[in-house]
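Morning, everyone. I have a two-chain model to take you through, and I will keep to what can be read from it.

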Amino acid sequence: MQKISTRQVYIMFILTTLSPAIALFPSFVARHGSAAGWIAPIAASVGLIAVIAVLHGLFKSGRFADLHGVFGGTFGKWSAKPLLTVYLLWTFALFLLYVRYYAERIVASMFTSVNPDFFIISMLIVVFFASRAKLSAIARFSEVAILVFAVIFAVFFVSLIPTLRAIHVLPVTHYDAVPVLRSAYPIVSVWGFITLFFFLGEHIEKPDLKSFAKKAVLILSVATALMIFLVVGSLGPDTAARMPWPFFSAAKLIDIMQSFDRLEAVLSSIWVIADFILITVFVFIITNIVKKLFNLRESRYLTGPVAMLGYAGSLLLAANTRELELFAASSTTHAVNLVLCVGVPVLALAIGKMRRAL
Amino acid sequence: MSTDKISAGYFRQKFPENPDVVFNEVVIKNSSLRVTVASIDGMVSSQLIDDYVLKPLFQEAALGKAKDARELVSLMMLGPVYHCQRKVCNTVKDAMGELLQGNAIVIVDEAEAAVSFDVKGFASRGISESSTEGVLKGSKEAFIEVMRTNTALVRRRLQTDTLKINTTRVGTRSQTAVSVVYLDAVANPETVAAIKTRLEAIDIDGIVSAGQMEAFLLGRRNSVFPQLIYTERVDKFCANILEGRVGLIVDGLPIAYIMPVDLVAFFQAPEDYAHGHILSSLLRILRFSCAFIALVLPAIYVAMVMFHQDMLPTQLAVSIISNTVAIPLPSYLEVLLLILAFEILLEAGLRLPQPIGQSVSIVGGLVVGQAAIFAGILSPGVIMVVATAGIAGFVLPSQDLSITIRLFRIALVILSIIGGLYAVTLGLIAILFRCCALDAFGVPYLAPFAGGGGKRMFNDTVVRAAWNKSSTRPADIGPIDSAKQGRQT
């Protein structure tokens with residue numbers, strides 16, 4: 001089995017957060033954090049560091065290869081299976097959410113009169129073939145994609161600077177501490193996805209989580225903060241809070257040399273790369289959880305059923321974009337995410353230390 | 001195992017009606033011993049046979065002192081018949097191999113042995129300039145069809161005892177000589193072993209084309225991406241050997257293969273190393289940009305015109321639309337037809353002799369293109385887009401990669417017709433993902449950008465670092481000695 005490096009895990013993780021980041025963060029932080037909302041990712045990075053530290057604690061002994069093993073070793077075999085089932089159901093729900101979210105975004109930004117089915121089916125076909133390959137292929141793909149996104153972000157940031165209004169993002173005072181922390185809540189919830197990667201632990205070379213962690217946290221928090229800073233700074237917190245896709249609305253303001261504008265279609269199509277990585281990684285995680293849950297030898301043949309259920313489930317998940325947004329932004333969704341991606345690993349670490357199982 | 005004994009009769013019987021196989025019976029001076037000199041006319045030098053084989057056999061008194069046939073063979077090896085490359089053959093298979101390779105064999109019936117003399121003299125092309133990889137500044141030497149000449153060219157450039165040239169024969173009937181070339185203290189032994197294993201596993205009657213060799217070397221060849229580099233240039237070959245790669249020289253082919261390689265290697269041209277690193281880097285960036293233009297420009301044009309007209313600057317949109325008003329074909333059909341016409345012109349130009357090929361290009365490209373615009377069949381915008389993409393593809397040093405890009409260009413145009421920029425992106429994802437899944441002899445195809453651990457990403461890739469900053473060999477090919485400068489083993 002060709003294993004992937006911790007560096008590749010972090011790169012995949014950064015890319016999987018890009019789609020939720022542009023869909024959820026700008027409007028949420030603008031609503032709760034107002035002008036100071038852009039600081040929320042910096043505050044959330046403390047939460048991410050804590051999650052990484054917990055995961056490091058779980059795997060540093062090398063006794064367990066993946067989260068399934070950790071749960072079995074700490075909570076006991078009988079508790080591990082139901083817990084794994086909960087993870088499976090929640091990961092699958094997130095998978096459906098992001099499949100549908102991606103399709104709705106394409107419809108909203110590029111093809112307003114096209115049925116989202118077309119985009120869901122076409123993406124799931126590509127994901128189906130991709131997830132039948134080795135995990136190392138998607139890890140390598142992410143390594144190239146992060147370079148593409150670095151360039152895109154750089155162009156996006158530079159192009160949006162002329163539209164920036166200081167009054168939209170400044171001043172920031174100590175009175176903003178509580179709103180900033182409230183804004184950081186969904187960011188930590190999404191960044192908690194890193195925990196889910198460790199269901200793929202057996203595909204990862206010696207999970208030494210400390211290496212590359214600093215760089216990953218820095219890249220993620222700075223890029224997210226900059227993105228929110230420019231989007232909210234260009235549109236204003238009140239406008240950004242009320243818009244379904246403030247990121248693409250900000251992109252509409254870009255005008256390169258008074259010749260090229262309306263670049264949201266280009267951005268939206270490039271963001272398909274991030275969606276592809278997110279959806280493929282979720283398929284890998286789901287099939288691996290199913291493999292562990294039912295003690296299967298092979299998980300490749302599960303990709304077909306997962307893709308088909310993904311298609312049907314994503315359409316049933318919400319009747320329209322509004323319902324989808326309510327589900328994605330609801331406190332319950334973030335709470336479940338936080339419990340499963342942060343709470344349970346913390347509990348596992350505590351019990352594991354007490355039982356000397358780690 | 002063959003039980004046949006070496007005798008002149010055996011060889012005469014094997015080649016009964018082959019006038020090119022010549023047998024000369026010689027009676028040794030002052031002796032009753034008889035030998036037969038066999039050679040293949042056209043493959044040997046008559047003068048060499050006359051001067052260094054027949055003359056001593058007829059005239060050397062020392063040979064006449066031989067008491068028996070065995071002693072005669074020993075004497076031939078020890079002096080009287082002096083030639084730098086001689087060898088005793090004790091089996092029919094060995095002697096037959098020597099004869100068929102263009103050597104002369106002296107058959108001594110009573111000893112049931114033969115002595116082979118390397119008197120090859122077949123006509124071959126002289127060392128000339130490369131026809132496909134020309135450079136303004138640099139060596140003009142190119143490989144020819146004779147393997148031994150090619151290995152000598154390599155030896156002349158790499159005068160080190162660590163240079164290993166292991167020769168094997170491939171093809172049960174063609175017995176094509178193939179040399180694996182590498183630096184013993186540098187190349188990854190696993191790669192060398194893998195290549196040798198694949199060569200040994202080849203079970204075919206004959207290797208007559210480059211494509212056959214490539215297919216066997218790559219194992220399963222169901223990918224359209226080139227995974228082997230071939231070169232006519234000796235300097236390029238040697239530079240890659242020095243990097244720690246393994247070379248393959250095949251008798252009968254005026255090219256040599258280099259492996260393992262990644263995608264970036266297909267963007268490297270010999271001239272990059274003749275200029276300073278800044279100029280070379282700019283050229284490299286130009287090549288990568290051209291590859292991207294060649295791949296996506298027609299697809300983006302179709303997507304813009306069909307689905308995303310609002311993204312075009314107003315003046316440009318007006319200009320495109322006004323030019324297409326009188327055109328009876330939709331834009332996507334125009335693009336597809338023109339790409340097809342471009343491919344036809346390209347193929348016609350390749351198959352015809354050079355002067356006629358040039359005429360075809362001029363008539364096809366300029367005359368027919370101009371006429372199509374005047375006749376209102378094609379719009380100038382489409383011609384510009386397809387021609388730009390076509391010419392951008394020719395900037396690439398590798399023809400194999402250029403062909404792959406042409407193939408994907410058509411696929412992306414079809415996708416853009418179906419789903420605009422969205423479908424083009426999905427297509428690019430599929431192409432990139434396929435590249436990510438590829439490994440060539442254990443080296444990730446997109447290394448060092450993917451699978452290379454993030455090292456050497458900007459050293460001889462999209463840009464070329466200065467020589468003093470480029471002190472290590474590419475890590476992804478796993479060289480034993482990674483230092484190119486300073487510490488070396």
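This is a predicted model: local features need pLDDT of at least 70, side-chain atom pairs count only at pLDDT 80 or more; totals for chains, interfaces and linings use all residues.

First, the interface. On the chain B side, 26 residues are in contact with 32 residues of chain A. Together the two chains bury about 2,500 Å², and 74% of that is on carbon and sulfur atoms. Which residues of chain B lose the most area to chain A? They are B:Met311, B:Tyr422 and B:Phe433, which together account for 29% of what that side buries.

B:Asp439 makes it with A:Arg140, and the closest N and O atoms are 3.2 Å apart. Helix H15 of chain B, residues 399-437, gives the largest share of the chain B side, with eleven residues. By type, the residues on that side divide into 18 nonpolar, six polar and two charged.

Next, salt bridges in general. Side chains of opposite charge can pair when their charged atoms come close. Over all chains, the structure holds 25 salt bridges.

One is between B:Glu25 and B:Arg12, at 3.7 Å from N to O. B:Glu25 is in strand S1, residues 21-27, and B:Arg12 is in helix H1, residues 8-14, so the pair links parts of the chain 13 residues apart. B:Glu25 counts as partly exposed because its relative accessibility is 47%, and B:Arg12 counts as partly exposed at 36%.

Another is between B:Glu243 and B:Lys484, with the closest N and O atoms 2.9 Å apart. B:Glu243 is in helix H9, residues 234-243, while B:Lys484 is in the segment after S12, so this pair ties together parts that are 241 residues apart in sequence. B:Glu243 is buried, at 11% relative accessible area, whereas B:Lys484 is partly exposed, at 21%.

B:Arg287 sits in helix H10 and B:Asp272 in the loop between S10 and H10, so the pair ties together parts that are 15 residues apart in sequence. Are these two buried or exposed? B:Arg287 is buried, with a relative accessible area of 8%, and B:Asp272 counts as buried at 0%.

In chain A, salt bridges that share partners join A:Asp66, A:Glu202, A:Lys291 and A:Lys292 into one network. A:Lys292 belongs to helix H13, residues 264-293. Why does A:Lys292 count as buried? Its relative accessibility is 17%, and the cut-off for buried is under 20%. Beyond its neighbours within four places in sequence, A:Lys292 is in contact with A:Asp66, A:His68, A:Lys81, A:Leu84 and A:Glu202.

Cysteines next. How many disulfides are there over all chains? The search finds zero. For B:Cys435, the nearest cysteine sulfur is that of B:Cys436, 6.8 Å away. B:Cys435 counts as buried at 4% relative accessibility. A:Cys341 is also buried, with a relative accessible area of 0%.

Now the backbone. Most residues other than glycine have a negative phi, and most peptide bonds are trans. Here are some exceptions in chain B. A cis peptide bond joins B:Met259 and B:Pro260, with omega about -10°. B:Pro260 lies in the loop between strand S10 and helix H10. B:Ala447 and B:Pro448 are also joined by a cis peptide bond, with omega about 5°, and B:Pro448 is in the segment after strand S12.

As for phi, B:Phe441 is not a glycine but has a positive value of about 50°. B:Phe441 is in the loop between strand S11 and S12, and counts as buried at 14% relative accessibility. B:Asp460, not a glycine either, has a positive phi of about 65°. B:Asp460 lies in the segment after S12 and counts as buried at 12%.

Last, B:Ala392, in helix H14, residues 380-394. B:Ala392 counts as buried at 5% relative accessibility. Leaving aside neighbours within four places in sequence, B:Ala392 is in contact with B:Cys290, B:Ile293 and B:Ala294. B:Leu286 is 106 residues from B:Ala392 in sequence, and their C-alpha atoms are 9.5 Å apart.

That is what I have.

Methods
Residues are numbered from 1 along each chain as its sequence is written. Chains are lettered from A and ligands numbered from 1 in the order in which they are written. Side-chain values use heavy atoms; hydrogens and water are left out. Helices (H or I, at least four residues) and strands (E, at least two) are DSSP runs, numbered from the N terminus. Buried means under 20% relative accessible area, exposed over 50%, partly exposed in between (1.4 Å probe, protein chains only). Contact means heavy atoms within 4.5 Å. Buried area is the accessible area (1.4 Å probe) that two parts lose on being put together, summed over both. A salt bridge is a side-chain nitrogen of Lys or Arg within 4 Å of a carboxyl oxygen of Asp or Glu. Ala, Val, Leu, Ile, Met, Phe, Trp, Tyr, Cys and Pro count as nonpolar, Asp, Glu, Lys and Arg as charged, and the others, Gly among them, as polar. A disulfide is a pair of cysteine sulfur atoms within 2.5 Å.
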